[in-house]
Amino acid sequence: MKTLKDFENEINKCSKCGLCQAVCPLYKLTGNDCAVSKGKFVMLDGVVKGDLTLNKTIDKYIEMCLKCGKCTDFCPSGINVCEIFKTAKHDYIKNTKTGKLISFLQSEKVFDKAVDIIGNLNKTKHNTTSKSPVKTLLFFKGCANKVVPNSEKNLKHILSQLPYNLIEKDFKCCGVPFASSGNLERYEAVKKYNSQIINETECDYVITDCASCAAELSNYKNINKPILNFVEFLAQENIKFKLDKKYKITFHKPCHLKNYEAVKKIIANCENTEYTQMPDFDTCCGFAGQFAITNRKLSKELSKLKIKNALSTNPDIILTACPACVAGLTQGMFYTKKTAKTPKIMNMTEFLALANPYL
Ligand code: SF4
Ligand code: SF4
């Protein structure tokens, strides 16, 4: 397992140019230097040199990050920011009481059991298509879909009308919550488990309707099948959708959904839709997993800002492509003053399930 010391050269690559400040949603909101990677690297540089101790205050600023990756995309030094923050978190919690508590709560006995119990209550059936399947898809359900089954139900409904064979396996969590909290041992264990299932299963694609799961599976780097977000898959196959009434829509792009062009293609493939891009459509909704718990106030502010931008387009429906972002948008709407017209918030799968899909 790598330690922060292993990233010393990477941390030194930070030229303090400040370009990350221009894109970091938290820096824009707070103006706090320690909220953005530039400031965090000043602290972590002190830690690797032995001038500072990795203490509670530094941990607080490591936690003050959405892991949205915007700074990574814009960093001229190409620093893998999120990888360094995860490692710093791991170094901080290992051998502490907090670390032991996190390991216990995220263990198979507790975390997996809780997700399985809820998942079994919410189990949805897939009706196989009557058309002869042209491709086989392996469905990576993700924990959010086990807990809130709506999106999965809709994905299965759409696929039951198309010539694709959907298979399911008993996957574990993709590992995002484990990596974010510095529990890298558990992350490596689920990565090994999930990769083995994917690599041994005969299928054309692995699909998931959670942007974070798709991004994390791609991060595994040891998988021998293409990983696609469900929307990307539909766009690739050029599936069209017929809606029986007109909808004004806008779209929040999840931080981890890289292929925005696929979303635009699917929206263009939906008859009867009027799409308006909201300002800052690709800025984090504020939910960002445990950030919503550890940084409550900032999370609420970012979600409210997102809804303000969405409402400026006067939509009937605010769409996204990640169950966690649905929660972020819902949080933002909850804390926004009600107006005469309150748009619905939907995952793309729910919206597309309103339509008749065809090839
Ligand atoms: S953009 Fe990259 S190099 Fe520039 S200050 Fe931020 S982290 Fe450092
Ligand atoms: S990952 Fe996002 S929130 Fe975290 S420092 Fe980079 S831009 Fe800011």
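Ala, Val, Leu, Ile, Met, Phe, Trp, Tyr, Cys and Pro count here as nonpolar, Asp, Glu, Lys and Arg as charged, and the others, Gly among them, as polar. By that scheme, the shell around ligand 1 has eight nonpolar, four polar and two charged residues.

The model is predicted: local features need pLDDT of at least 70, side-chain atom pairs count only at pLDDT 80 or more, and totals for chains, interfaces and linings use all residues. Residues are numbered from 1 along each chain as its sequence is written, while chains are lettered from A and ligands numbered from 1 in the order in which they are written.

Stay with ligand 1. It is surrounded by 14 residues, and the closest are Cys-14, Cys-17, Cys-20, Lys-38 and Cys-75. A residue is near a molecule if its C-beta atom, placed from the backbone, lies within 6 Å of it. Helices α2 (19–23) and α4 (37–49) each supply at least two residues of this shell. Helix α4 gives the most, with three residues. Helices are DSSP runs of H or I, at least four residues, numbered from the N terminus.

Ligand 2 comes next. Its shell also counts 14 residues. Cys-24, Cys-65, Leu-66, Cys-68 and Cys-71 are the closest to ligand 2. Here α3 (25–30) and α6 (70–74) each supply at least two residues. By class, the shell around ligand 2 has 10 nonpolar, two polar and two charged residues.

Now the core. A nonpolar core is a set of buried Ala, Val, Leu, Ile, Met, Phe, Trp, Tyr and Cys residues joined through C-beta atoms within 7 Å. Buried means that 20 or more other C-beta atoms, placed from the backbone, lie within 10 Å of the residue's own. The largest such core holds 103 residues, of which Leu-44, Leu-66, Ala-214, Val-231, Ile-266 and Leu-329 touch the most other members. Helix α7 (residues 81–93) gives the most to this core, with six residues. Leaving aside neighbours within four places in sequence, Ala-214 is in contact (C-beta atoms, placed from the backbone, within 7 Å) with Thr-208, Ile-227, Leu-228 and Asn-229.

Finally, the domains. The assignment gives domain 1 (4–93), domain 2 (109–234) and domain 3 (238–358); such bounds come from an automatic or database domain assignment. The centres of domain 2 and domain 3, taken over C-alpha atoms, are 22 Å apart. Their contact takes 25 residues from domain 2 and 21 residues from domain 3. On the domain 2 side, α10 (143–147), α11 (150–159), α12 (176–180), α14 (211–219) and α15 (230–236) each supply at least two residues. The largest share, six residues, comes from α11. That side divides into 13 nonpolar, 10 polar and two charged residues.

Technical notes. A residue is buried if 20 or more other C-beta atoms lie within 10 Å of its own, exposed if 12 or fewer, and partly exposed in between; C-beta atoms are placed from the backbone. Two residues are in contact if their C-beta atoms, placed from the backbone, lie within 7 Å.
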